[in-house]
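Me: I have a new structure open and would like to go through it with you. Could you take my questions one at a time?

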Amino acid sequence: MWGTLPCEFPRSCANPASCIDMSDEASDLRVHYALRRTEWALERTQLSWVRLTFTLLSAAYAADKGTAALAAAHVLKIPEWVLGTHGGGLFLSALATLMLMSSTLNYITRARELAADGDRPTVVKLSALPVSIAVSCLGVTLCVLILLWG
């Protein structure tokens with residue numbers, strides 16, 4: 001553990017916590033690593049939202065098509081207004097898309113705040129943004145298709 005810092009601590013130190021050298025270089029390195037860990041956590045969280053949205057979009061499509069297929073086979077007696085509006089599929093796909101758009105805005109805001117901390121350059125790395133945009137477009141497309149299928 002001690003070997004990860006730029007300076008080696010003496011092995012003869014009885015309490016390593018009291019021997020920590022808080023020079024500017026060590027402090028800067030710790031801040032850098034803390035910011036990187038926070039950036040990675042932010043990306044993991046955003047990708048979790050993408051995964052949840054993709055799952056809900058799949059469920060929305062299955063619910064929409066499954067309900068129509070069961071009604072056509074006379075397995076379920078479903079009122080016509082439910083089939084005509086495609087309520088379940090439309091609700092799930094709209095909800096998932098709105099949740100992902102909200103979390104994407106939060107992701108961008110937090111990444112900008114994180115990039116502005118300290119003396120780092122203010123380059124914002126948004127690695128999960130292309131995936132978020134693609135899945136958001138998929139959600140909007142599914143909402144439109146569900147409305148057109150009616």
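Me: How many salt bridges does the count come to?

Reply: The count comes to 2 salt bridges, where a salt bridge is a side-chain nitrogen of Lys or Arg within 4 Å of a carboxyl oxygen of Asp or Glu. Please keep in mind that this is a predicted model, in which local features need pLDDT of at least 70 and side-chain atom pairs count only at pLDDT 80 or more, while totals for chains, interfaces and linings use all residues. Residues are numbered from 1 along each chain as its sequence is written, and side-chain values use heavy atoms, with hydrogens and water left out.

Me: Ok, which residue forms a salt bridge with Arg 36?

Reply: That is Glu 39, and the closest N and O atoms of this pair are 2.5 Å apart. Glu 39 and Arg 36 are 3 residues apart in helix α1 (residues 24-72), so about one helical turn separates them. Helices (H or I, at least four residues) and strands (E, at least two) are DSSP runs, numbered from the N terminus.

Me: Is Glu 39 buried or exposed?

Reply: Glu 39 counts as buried, at 15% relative accessibility. Buried means under 20% relative accessible area, exposed means over 50%, and partly exposed is in between, with a 1.4 Å probe and protein chains only.

Me: And where does Arg 110 come in?

Reply: The side chain of Arg 110 meets that of Glu 113 in a salt bridge, at 3.2 Å from N to O. These two lie 3 residues apart in helix α3 (residues 87-116), which means that they are separated by about one helical turn. Glu 113 is partly exposed, with a relative accessible area of 42%, and Arg 110 is partly exposed as well, at 40%.

Me: New topic: which residues make the nonpolar surface patch?

Reply: Tyr 61, Leu 98, Met 101, Val 140, Val 144, Leu 145, Leu 148 and Trp 149 make a nonpolar surface patch of about 740 Å². The elements giving two or more residues to the patch are α3 and α4 (129-149), and the largest share, 5 residues, comes from α4. Patches are made of residues with over 30% relative accessible area and no salt bridge, where like charges are joined within 9 Å and nonpolar side chains (Val, Leu, Ile, Met, Phe, Trp, Tyr) within 5 Å. The accessible areas come from the Shrake-Rupley method with a 1.4 Å probe, and for residues only the protein chains shown count as cover.

Me: What about Val 140?

Reply: Val 140 lies in helix α4 and counts as partly exposed, at 38% relative accessibility.

Me: Which residues in α4 are buried, then?

Reply: In α4 the buried residues are Leu 129, Ser 132, Val 135, Ser 136, Gly 139, Leu 142, Cys 143 and Ile 146. They cover an arc of only 145° around the axis, so they are on the same side of α4; the arc is that of the directions from the helix axis to the C-beta atoms. On the other side of α4, Pro 130 and Leu 148 are exposed.

Me: How many residues does α4 have, and how far does it reach?

Reply: α4 has 21 residues and reaches 30 Å from its first C-alpha to its last, close to the 30 Å expected at 1.5 Å a residue. The expected span of a helix is 1.5 Å times one less than its number of residues.

Me: How many disulfides does the structure hold?

Reply: The structure holds 0 disulfides, a disulfide being a pair of cysteine sulfur atoms within 2.5 Å. As for individual cysteines, Cys 137 is partly exposed, with a relative accessible area of 46%, whereas Cys 143 is buried, at 14%.

Me: Last one: how many helices and strands does the protein chain have?

Reply: The protein chain has 4 helices and 0 strands, and read along the sequence its pattern is α-α-α-α. Buried residues make up 25% of its 150 residues.
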